Amino acid sequence: MFARNQGILWSVALALGFAAAALPGPGPLVAQEAGGTFRDCEACPLMVIAPGGSFMMGSPSDEEGRFDLEGPQREVTIGSPFAVGVYEVSFEEWDACVNAGGCAGYSPGDEGWGRGRRPVINVSWEDAQTYVQWLSQESGEDYRLLSEAEWEYVARAGTETLRYWSGEQEHCLHANGLDQDLARTSEGRAWMNEYNRLDPAQCTDGYDRTAPVGSYPANAFGLHDVLGNVNEWTQDCWNDSYSGAPDDGRAWMSGDCSTRSLRGGGWLGGARVLRSAFRLGYPAGNRYFLIGLRVARSLE
């Protein structure tokens, strides 16, 4: 199914483009409340506990900038708390995996933009699986990617608006999206398509590619860069609508599983793309400089 729609979907993709102290060791997570942070190991990402709850997933038919892929809107209930990365996985964290003999030894390129605390890019969904497997082995805990429903739930963080902040132009203050300086260059124009022309760049914030993780304010659940910076892999197989999708927050493991769902928009996205409901699919084995990941962890 995706093969027929891949060109359309990826044309949309080209439109895109730890404040709290960590607790030492794994600790008795059952005693922690939502919002508590921890690390399971020295090289593990900082995690925050997200509460269970219900929300409306997808966009209503009258949402400004909506794509048909974002519906039908439906209620999803996530029955129990889970942990999610405060930040997108950084190059520093990925390189720790490689240096320890994990991640299949794959060291992704940074396009010359820098490593360290910048979000890792050029990783496929299959690469992401090697990273969460290494984290699980290193920590003895159950690390994984977020389901698409979990991703939108924590992105919204209790909001029902287009974004987890108010005001369209406010996205320049809250997310790393398409920058005017990049849009003026020949390289930037080469990445533009009809969606960018309809949704021009508004930001001049000093980051015309990726920004170090945590450069923008966190949402109400304590997560940074959920919108913007990089597109984030989720666990779900690709389906071009929510018809028949699970309503309990589980990953949707049927559909086109050679393609996986991406969320978050990325640094090449304008206001239309930087919405909590925006989604697209991409081949699971492909790498791209707009794509990274965020991790989740199941709790007892």
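This is a predicted model: local features need pLDDT of at least 70, side-chain atom pairs count only at pLDDT 80 or more; totals for chains, interfaces and linings use all residues.

Reader: Which residues of helix α2 are buried?

Author: Start with the general idea. An α-helix has 3.6 residues a turn, so residues three or four places apart point the same way. Now the case here. Helix α2 covers residues 91-99. Its buried residues are Phe91, Glu93, Trp94, Asp95, Cys97 and Val98.

Reader: What do the buried residues of α2 pack against?

Author: They pack against α3, residues 125-139.

Reader: How do I describe such a pair?

Author: Two packed helices are described by the angle between their axes and the distance between the axes. For α2 and α3, the angle is about 75° and the axes lie 10 Å apart. Angles of 65 to 115 degrees count as roughly perpendicular, so α2 is roughly perpendicular to α3.

Reader: Which residues make the contact?

Author: From α2, Glu93, Trp94, Ala96 and Cys97. From α3, Asp127, Ala128, Thr130, Tyr131 and Trp134. By class, six residues are nonpolar, one is polar and two are charged.

Reader: What comes just after α2?

Author: Glycine 101, with a positive phi of about 95°.

Reader: Now the serine. Is serine 136 buried or exposed?

Author: Serine 136 sits in helix α3. Buried means under 20% relative accessible area. Serine 136 has 19%, so this residue counts as buried.

Reader: What does the side chain of serine 136 reach?

Author: The backbone oxygen of glutamate 141, at 3.3 Å. Leaving aside residues up to four places away in sequence, serine 136 touches Glu141, Asp142 and Tyr143.

Terms used: Residues are numbered from 1 along each chain as its sequence is written. Side-chain values use heavy atoms; hydrogens and water are left out. Buried means under 20% relative accessible area, exposed over 50%, partly exposed in between (1.4 Å probe, protein chains only). Helices (H or I, at least four residues) and strands (E, at least two) are DSSP runs, numbered from the N terminus. Contact means heavy atoms within 4.5 Å. A polar contact is a pair of N or O atoms within 3.5 Å; within protein, one must be able to donate a hydrogen and the other to accept it, and residues adjacent in sequence count only if both atoms are side-chain atoms. Axes are lines fitted to C-alpha atoms, for helices over the stretch in contact, and angles run from 0 to 180 degrees between N-to-C directions. Angles under 35 degrees count as roughly parallel, over 145 as roughly antiparallel, 65 to 115 as roughly perpendicular and the rest as oblique. Ala, Val, Leu, Ile, Met, Phe, Trp, Tyr, Cys and Pro count as nonpolar, Asp, Glu, Lys and Arg as charged, and the others, Gly among them, as polar.
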